[in-house]
Amino acid sequence: MGAVATEIAHEAEDTLNDPATAEAARRLDTAGRPDVALGTLLRLWAKTSTAPLVLLIDEIDALVGDSLVSVLRQLRAGYAHRPAAFPQSVVLCGVRDVRDYRIHAGSGREVITGGSAFNIKARSLRLGDFTRTEVEALLGQHTVESGQGFSAEALQAVWEQTRGQPWLVNALAREICFPAEALRPPGRPISEKDVFEAREALILSRETHLDQLADKLREPRVRRVIEPLLSGGDAAYSDRDFEYARDLGLVAPDPPLRIANPIYGEVLPRELT
């Protein structure tokens with residue numbers, strides 16, 4: 001709670017020029033009363049604000065166990081006091097839907113599902129993949145800024161290898177355009193060969209995003225979808241299993257069932273073995 005309150009203080013002061021909220025955050029007894037500290041801060045902030053507040057908490061599922069339970073419960077407790085004494089709306093940004101949180105509370109290690117701990121969710125919005133047009137527009141911005149063009153084959157290869165997965169598109173483009181952290185000479189258009197060389201370098205580098213695929217594969221409901229898909233065996237998964245794997249971006253959103261993109265298709269079997 002101390003870390004959460006400190007980040008809110010920084011944002012209030014640096015982004016909103018709100019030193020009063022920043023000072024209120026610093027005065028909180030986050031060690032003695034962690035179960036009410038966040039709710040108290042948000043209540044004070046809302047009561048002194050001249051307009052309804054909208055709070056966005058990024059990487060919410062980086063919190064685990066009792067910390068996540070406490071945040072969800074404090075947000076739930078403040079819900080009835082909106083907007084005069086609590087934020088009008090709260091956006092929780094993370095890899096998983098709130099309904100998919102399975103949280104082991106420290107007291108007795110009982111499992112608390114996200115839905116029961118936070119049953120006031122209005123809507124889930126999934127950040128979709130880029131379309132092919134958007135991928136080409138993004139790469140076109142680099143061409144405008146640097147004068148470095150992409151061949152038609154290179155554009156096709158970037159799209160086919162990433163299928164618009166936002167992190168992959170940006171990571172692959174960076175590896176293509178800035179090998180060894182230096183701008184590729186702009187005199188020659190980027191070729192299909194450059195794309196595949198960058199693809200291999202990206203996979204071998206085990207960047208954090210790709211490395212974290214192993215963590216997702218440890219979850220039984222993900223393995224039920226991915227393992228038979230890769231091995232060709234019989235699949236025994238539910239619609240919820242598929243939806244969960246799809247929401248994590250591991251499988252394509254449309255039929256037939258397949259790995260989301262060729263880069264994942266190479267990384268996932270390595271992680272399963």
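Here is a quick tour of this protein, from the overall build down to a few single residues. What you see is a predicted model, in which local features need pLDDT of at least 70 and side-chain atom pairs count only at pLDDT 80 or more, while totals for chains, interfaces and linings use all residues. Residues are numbered from 1 along each chain as its sequence is written, and side-chain values use heavy atoms, with hydrogens and water left out.

**The big picture**

- The protein has 14 helices and four strands; these are DSSP runs numbered from the N terminus, with helices being H or I over at least four residues and strands being E over at least two.
- Its C-alpha trace spans about 60 × 50 × 30 Å along the principal axes.
- Of the 273 residues, 38% count as buried (buried means under 20% relative accessible area, exposed means over 50%, and partly exposed is in between, using a 1.4 Å probe and protein chains only).
- Take the contacts (heavy atoms within 4.5 Å) with a separation of 6 or more: 65% of them come from residues 24 or more positions apart.

**Surface and charge**

- The accessible surface comes to about 15200 Å², and carbon and sulfur atoms own 53% of that (the method is Shrake-Rupley with a 1.4 Å probe, and for residues only the protein chains shown count as cover).
- There are 32 positive and 40 negative charges, and their mean positions are 5 Å apart.
- In that count, Lys and Arg are positive and Asp and Glu negative, with His and the chain ends not counted; each charge is placed at NZ of Lys, CZ of Arg, CG of Asp or CD of Glu.

- A search of the whole structure turns up zero aromatic pairs (Phe, Tyr and Trp rings, the six-membered one for Trp, pair if their centres lie within 6.5 Å; planes under 30 degrees apart are stacked, over 60 edge-to-face, and the rest tilted).
- Arg82 sits over the face of Tyr79, 4.1 Å from the ring centre (for this, NZ of Lys or CZ of Arg must be within 6 Å of the ring centre and within 35 degrees of the ring normal).
- Arg221 does likewise with Tyr244, at 3.7 Å from the ring centre.

**Two buried residues**

- Asp241 is in helix α13, residues 239–247, and counts as buried because its relative accessible area is 6%.
- Beyond its neighbours within four places in sequence, Asp241 is in contact with Arg221, Arg224 and Val225.
- Phe150 belongs to the loop between α6 (132–146) and α7 (152–162), and is buried because its relative accessibility is 13%.
- Leaving out residues up to four places away in sequence, Phe150 touches several residues, including Leu139, His142, Ile176 and Ile190.
- From Phe150 to Pro19 is 131 residues in sequence and 48 Å in space, C-alpha to C-alpha.

- Most residues other than glycine have a negative phi, and most peptide bonds are trans.
- The bond from Arg82 to Pro83 is cis, with omega near -15°, and Pro83 is in the loop between α4 (65–78) and β2 (89–92).
- Pro255 and Pro256 are also joined by a cis peptide bond, with omega about 0°; Pro256 is in the loop between α13 and α14 (262–272).
- Asn17 is not a glycine, yet has a positive phi of about 55°; you can find Asn17 in the loop between α1 (2–14) and α2 (19–27), where it is exposed at 65% relative accessible area.
- Glu59, not a glycine either, has a positive phi of about 55° and lies in the loop between β1 (54–57) and α4.
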